Amino acid sequence: MYQLQHEVQRKEKIYKVYVILFIISVLINVVLFFVDGSILRGIVSLLVLSIVLHYGLRKKVWAGLIVKCMVWIHIVLLFIMFLTMIIKVIQ
């Protein structure tokens, strides 16, 4: 019984980390849209992603999937950016 409770707590912590990383990635995206000059695009993006966050906090499966996908997409993009920076430095 203890292992089952421990597993649930571990999954909750992991999901909270996903949500925090999702919030950070949403804020970065919105700031980049505003800096780029696409104010309407930034507002629409913020609206849609805040709806996803709202349902994600309510533990809806589809929103949780979107949250996890967005976080992993941003992690992969960061990795690609670092690789290209390293390749440019080497050349």
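This is a predicted model: local features need pLDDT of at least 70, side-chain atom pairs count only at pLDDT 80 or more; totals for chains, interfaces and linings use all residues.
**Exercise 1. Helix 2**

Find which residues of helix 2 are buried, and work out how they are arranged around the axis of the helix.

*Solution.* Begin with the extent of the element: helix 2 covers residues 39-57, has 19 residues, and reaches 26 Å from its first C-alpha to its last, which is close to the 27 Å expected at 1.5 Å a residue. Next, list the residues that count as buried, namely Gly42, Ser45, Leu49, Val52, Leu53 and Gly56. When helix 2 is viewed down its axis, these buried residues fall within an arc of 100°, and therefore they line one face of the helix. Finally, turn to the face that points away from the buried side, where the exposed residues Ile39, Leu40 and Leu47 are found.

**Exercise 2. Salt bridges**

Determine how many salt bridges the whole structure holds, and describe the residues that form them.

*Solution.* A search of the whole structure finds two salt bridges. One of them joins arginine 10 to glutamate 7, with the closest N and O atoms 2.8 Å apart. Both residues belong to helix 1, and because they are three residues apart there, about one helical turn separates arginine 10 from glutamate 7. This spacing can be understood from a general rule: an α-helix has 3.6 residues a turn, so residues three or four places apart point the same way. Arginine 10 has a relative accessibility of 40% and so counts as partly exposed, and glutamate 7, with a relative accessible area of 30%, is partly exposed as well.

Another salt bridge is formed by lysine 59 and glutamate 12, whose closest N and O atoms are 3.0 Å apart. This pair links distant parts of the chain, since lysine 59 sits in the loop between helix 2 and helix 3 while glutamate 12 sits in helix 1, 47 residues apart. Lysine 59 is partly exposed, at 44% relative accessible area, and glutamate 12 is partly exposed, at 33%. The backbone of lysine 59, which follows helix 2, has a positive phi, near 65°.

**Exercise 3. The aromatic pair**

Classify the pair formed by the rings of tyrosine 55 and tryptophan 62.

*Solution.* The structure holds one aromatic pair. The ring centres of tyrosine 55 and tryptophan 62 are 5.5 Å apart and their planes stand at 45°, so the pair is tilted. The cut-offs explain this step, because planes under 30 degrees apart would count as stacked and planes over 60 as edge-to-face. As for accessibility, tyrosine 55 is partly exposed at 32%, and tryptophan 62 is partly exposed at 44%.

**Exercise 4. The nonpolar patch**

Identify the residues of the nonpolar patch on the surface, and decide which helix supplies the largest share.

*Solution.* The patch is formed by Val17, Ile20, Leu21, Ile24, Ile28, Leu32, Trp72 and Ile75, which together have about 740 Å² of accessible area. Helix 1 (2-36) and helix 3 each supply at least two of its residues, and the largest share, six residues, comes from helix 1. Take isoleucine 28 as an example: this residue lies in helix 1 and is partly exposed, with a relative accessible area of 46%.

**Exercise 5. Valine 61**

Decide whether valine 61 is buried or exposed, and locate this residue in the chain.

*Solution.* Valine 61 lies in helix 3, which comprises residues 61-90. Its relative accessibility is 71%, and because exposed means over 50%, valine 61 counts as exposed.

Methods
Residues are numbered from 1 along each chain as its sequence is written. Side-chain values use heavy atoms; hydrogens and water are left out. Helices (H or I, at least four residues) and strands (E, at least two) are DSSP runs, numbered from the N terminus. Buried means under 20% relative accessible area, exposed over 50%, partly exposed in between (1.4 Å probe, protein chains only). The expected span of a helix is 1.5 Å times one less than its number of residues. The arc is that of the directions from the helix axis to the C-beta atoms. Rings of Phe, Tyr and Trp (its six-membered ring) pair if their centres lie within 6.5 Å; planes under 30 degrees apart count as stacked, over 60 as edge-to-face and the rest as tilted. Patches are made of residues with over 30% relative accessible area and no salt bridge: like charges are joined within 9 Å, nonpolar side chains (Val, Leu, Ile, Met, Phe, Trp, Tyr) within 5 Å. Accessible areas come from the Shrake-Rupley method with a 1.4 Å probe; for residues, only the protein chains shown count as cover. A salt bridge is a side-chain nitrogen of Lys or Arg within 4 Å of a carboxyl oxygen of Asp or Glu.
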